[in-house]
Amino acid sequence: MPSSTIVHAAVFAVGALVGGGVATAVSARNKRDVLPPSVPAPVSTQTAPPPPVIDVKPGQGTKMETAPGSLMQVDTTVLKYGNPGPISDLLVRRAYVAGYDRRLRHPAWTAEHLTLASLGKSALEPRSNDEAGDRANSQFTEDASIPAMFRAKLSDYFRSGYDRGHMVPAADAKISQAAMDETFLLTNIAPQVGAGFNRHYWAYVEDWCRRLTSTFADVYVFTIPLYLPKLDTDGKWRVCHEVIGNPPNISVPTHFAKVVLASKPSSPSRPDIPEISTGAFVLPNAVIPDEAKLESFVVPIEAVERAAGLTLFSDAVKANSKHICKTTKCDVIVRRFDDAVKRSDRKAIAAPK
């Protein structure tokens with residue numbers, strides 16, 4: 001994976017909390033999945049004290065810094081025998097970077113940097129077919145870099161009723177077979193409804209992200225599983241989701257977000273000044289009609305950040321960017337990708353060995 005890709009993706013992913021669960025809803029097409037507007041909290045005139053900084057060293061007491069340059073000894077070695085975490089598994093691959101959620105056993109987020117060159121479509125950087133990855137040569141694989149206790153397993157998906165849905169699509173990683181193989185690691189997979197979503201509308205959205213490279217020089221794509229509350233008949237909001245596996249291990253997201261940042265030179269005379277466009281889309285993990293408009297899934301970027309517990313872009317970037325649907329067409333192209341795959345290389349989920 002080019003170093004510039006890792007740097008860009010990692011910079012935008014700073015502040016990501018791999019803990020994944022949510023307590024706040026973002027807008028969806030169904031109004032019952034929308035939280036009512038919140039009442040602004042009263043502005044406090046008092047300055048909040050800085051949070052304490054805890055320093056723990058093996059075999060020593062815990063030290064807590066409460067003021068600049070001031071360390072106080074705490075009479076406890078509560079973490080002497082281990083720090084429970086949470087552990088953030090930052091996974092740096094050839095074509096993407098991801099944060100893995102050990103509790104939910106799927107990515108908390110994935111980040112990728114798409115260009116014409118990375119997709120093998122640049123006339124300036126042609127790539128031979130021998131160098132490109134072929135999904136027919138890739139297989140879904142458990143990620144041995146994750147401790148077995150927290151690892152998603154192939155058997156978890158067997159007869160689950162859900163597809164093994166790529167967060168970073170295989171089609172985005174054609175730079176090499178090794179890069180494509182990494183998209184088939186289960187740390188890049190989350191359970192998705194198959195017909196009508198993963199094999200259809202979700203695939204159209206992934207294709208739209210790739211097509212942005214024909215308009216923009218650089219396209220950054222974040223994919224984020226979400227768990228959004230729904231208003232029940234008793235007037236209370238609840239988060240309800242399925243868990244698959246034996247024993248039940250892998251959580252099934254209620255929604256998925258695609259957040260994009262695309263840049264291009266603002267003018268031929270000032271190629272050093274980029275024009276930034278951003279946009280966020282939240283789709284339910286459910287059957288979506290082919291005729292649904294992509295713009296109907298638009299939400300504020302802040303809504304995704306709040307729901308996922310992530311900081312994707314700085315306030316300055318968000319304030320100085322244009323909405324991507326204002327600078328390019330937010331239209332999906334309906335292509336029955338799965339029909340072609342069925343005739344060639346789509347593999348059924350095999351029984352666990």
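Rings of Phe, Tyr and Trp (for Trp, the six-membered ring) are taken as a pair if their centres lie within 6.5 Å. By this rule the structure holds eight aromatic pairs. A pair of aromatic rings is described by the distance of the centres and the angle of the planes. Phe197, Trp202 and Phe256 are joined by ring pairs into a cluster.

The model is predicted, so that local features need pLDDT of at least 70 and side-chain atom pairs count only at pLDDT 80 or more, while totals for chains, interfaces and linings use all residues. Residues are numbered from 1 along each chain as its sequence is written, and side-chain values use heavy atoms, with hydrogens and water left out.

The protein chain contains nine helices and 17 strands. Helices (H or I, at least four residues) and strands (E, at least two) are DSSP runs, numbered from the N terminus. The chain has 353 residues, of which 43% count as buried; buried means under 20% relative accessible area, exposed over 50%, and partly exposed in between, with a 1.4 Å probe and protein chains only. The accessible surface of the protein chain comes to about 18600 Å², and 55% of this surface belongs to carbon and sulfur atoms. Accessible areas come from the Shrake-Rupley method with a 1.4 Å probe; for residues, only the protein chains shown count as cover. Of the contacts in the protein chain with a separation of 6 or more, 71% are between residues 24 or more positions apart, where contact means heavy atoms within 4.5 Å.

Backbone geometry was then examined. Most residues other than glycine have a negative phi, and most peptide bonds are trans. A cis peptide bond is found between Gly85 and Pro86, with omega about 10°. Pro86 is placed in the loop between β3 (70–74) and β4 (89–92). A cis bond also runs from Asn246 to Pro247, where omega is near 0°. Pro247 belongs to the loop between β12 (243–244) and β13 (250–251).

Positive phi values occur at two arginines, Arg105 and Arg159. For Arg105, phi is near 60°, and the residue sits in the loop between β5 (97–101) and β6 (106–114). Arg105 has a relative accessible area of 12% and is therefore buried. For Arg159, phi is near 55°, and its place is in the loop between α2 (154–157) and β7 (163–166). Arg159 counts as exposed because its relative accessibility is 75%.

Definitions and conventions:
Phe/Tyr/Trp six-rings, centres within 6.5 Å; stacked < 30°, edge-to-face > 60°.
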